[in-house]
Amino acid sequence: MGFTQVLIPKLPQITATSYLLIDAETKKVIAQQNVEASTGLASITKIMTSYIVADYLEQGFLNAKDFTVVSEKCWRMEGSRMFIQEGKKVIIEDLMRGMIIQSGNDAACALAEHIAGTQEDFASLMNDYAQKMDLKNTNFTNPTGLPNVNHYSTAEDIAKLSIFLINDFPQEYSIYSEKEFSFNDIRQLNRNSLLWQDDSIDGIKTGHTKASGYCLVASSKRADMRLISIVLNSASEKSRLQDTRRLLDYGFKYYQTKKIIAKYQPISIVDIWGGVEEKLELGPSTDIFITLTKPTFDNLSLEASKNLGVRAPVLKDSIIDRLDIKVNGETIQSVDLVAVNNVKRKGFITATLESLAFFVYSFFMQDEINSVSYTHLRAHETRGNVVCRLLLEK
């Protein structure tokens, strides 16, 4: 006896009041609870602080070897520190490591003052970035994560921010995987002890305050699959680690992310009317990844629209058709199919005659313009039909 629906065990018990497990590439949510619940951020805040520094480095406003003079306010910062000293010059590169690896509030303060003049003005900049990233339930009042009733976010927004950091600034993100940093002859270990437990884990950030509880944002990549785990308001350091491991192990055990179609991979062929070429190949404008439970890939099918053809000229990346990705006949995602190359128009007279022929042809073929299914390499090529070349990787 077989089942069309794939059955998997329930998620093990998670003690955190809010959590999220999401695939970084496909944005597929695998597990969640209270993802829109507002909570204090603690040092998770430093993900945004580091994102802004990385962006300023890329834009040329900063150089990693630039230095800043430490202010008294930064020197006196409470909480975790990298132990910079008032009046001393510290380079940006060291401050980044002190903030990320050692979770230094003094380093975050120094970076904020160097960029915006004050922590308050930097917090305003952080909110500008949050708005640009569509972090709808997030507000920053400082670059460190020290408690403030108006300093908050959600698991959902933190996941978005983390994915932005990983995708936009991989070089700066790599600092999150470094296990230790020494400054001023003081050696400190990365607060994220998962780095020693699993080589696939390369970040991201721990956090803890009395108001926020124990928090941990973790990222792990195995093969084509990167999972982001958000655990907020755990009861202890041990429980946040346990919650995170349970989430990541569950995701990798029962789910898989595959690239099923490559960018510009020819998926279908349509006729060109009035063009110097007779055929035009169509494909997606980006790589297409899908996250499913592992056995569900056996039930995956692709359905391309039936297109009678297009008139020249055609520009590369022009949207021509649509591809529906289905599981057990139900559409889970639709993808635009674009022209993979340019096609010029023929001479005026020939192009006009073929355009007229296309008009007549399409008039009589209206009843045929319904979508037709193609799975793997099954299709038949006739005038006005498409040839599907779908290579589904098992």
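Which element gives the most to the lining of the largest pocket? That place belongs to strand β13, with six residues.

## Basis of the model

The structure is a predicted model, in which local features need pLDDT of at least 70 and side-chain atom pairs count only at pLDDT 80 or more, while totals for chains, interfaces and linings use all residues. Residues are numbered from 1 along each chain as its sequence is written, and side-chain values use heavy atoms, with hydrogens and water left out.

## Overall make-up

The secondary structure of the chain comes to 10 helices and 18 strands, where helices (H or I, at least four residues) and strands (E, at least two) are DSSP runs numbered from the N terminus. Of the 394 residues, 51% count as buried, that is, under 20% relative accessible area with a 1.4 Å probe and protein chains only. The chain exposes about 19000 Å², of which carbon and sulfur atoms supply 49%, the areas coming from the Shrake-Rupley method with a 1.4 Å probe.

Among contacts (heavy atoms within 4.5 Å) between residues at least 6 apart in sequence, 64% join residues at least 24 apart.

## Helix α3

Helix α3 (residues 92–100) is largely enclosed by the rest of the structure, because seven of its nine residues are buried. Those buried residues are I92, L95, M96, R97, G98, M99 and I100.

## The largest pocket

A pocket is here an open set of points on a 1 Å grid over the protein atoms alone, where a 1.4 Å probe fits, with protein on both sides within 12 Å along at least five of seven lines; lining residues have an atom within 4 Å of a point. The largest pocket has a volume of about 540 Å³, a volume being the space filled by probe spheres set on the points, which are joined across faces, edges and corners. Its lining has 23 residues, of which K28, T291, L292, V327 and I332 are the closest to the centre.

The elements that give two or more residues to this lining are β13 (288–293) and β17 (330–339). By class, the lining has nine nonpolar, 10 polar and four charged residues; Ala, Val, Leu, Ile, Met, Phe, Trp, Tyr, Cys and Pro count as nonpolar, Asp, Glu, Lys and Arg as charged, and the others, Gly among them, as polar.

## The second largest pocket

The second largest pocket holds about 260 Å³ of space and is lined by 19 residues, with S43, S80, S103, G207 and H208 nearest its centre. Two or more lining residues come from each of β7 (201–209) and α9 (237–254), and β7 gives the most, with five. This lining divides into three nonpolar, 11 polar and five charged residues.

Technical notes. Buried < 20%, exposed > 50% of the residue type's maximum accessible area, 1.4 Å probe, protein only.
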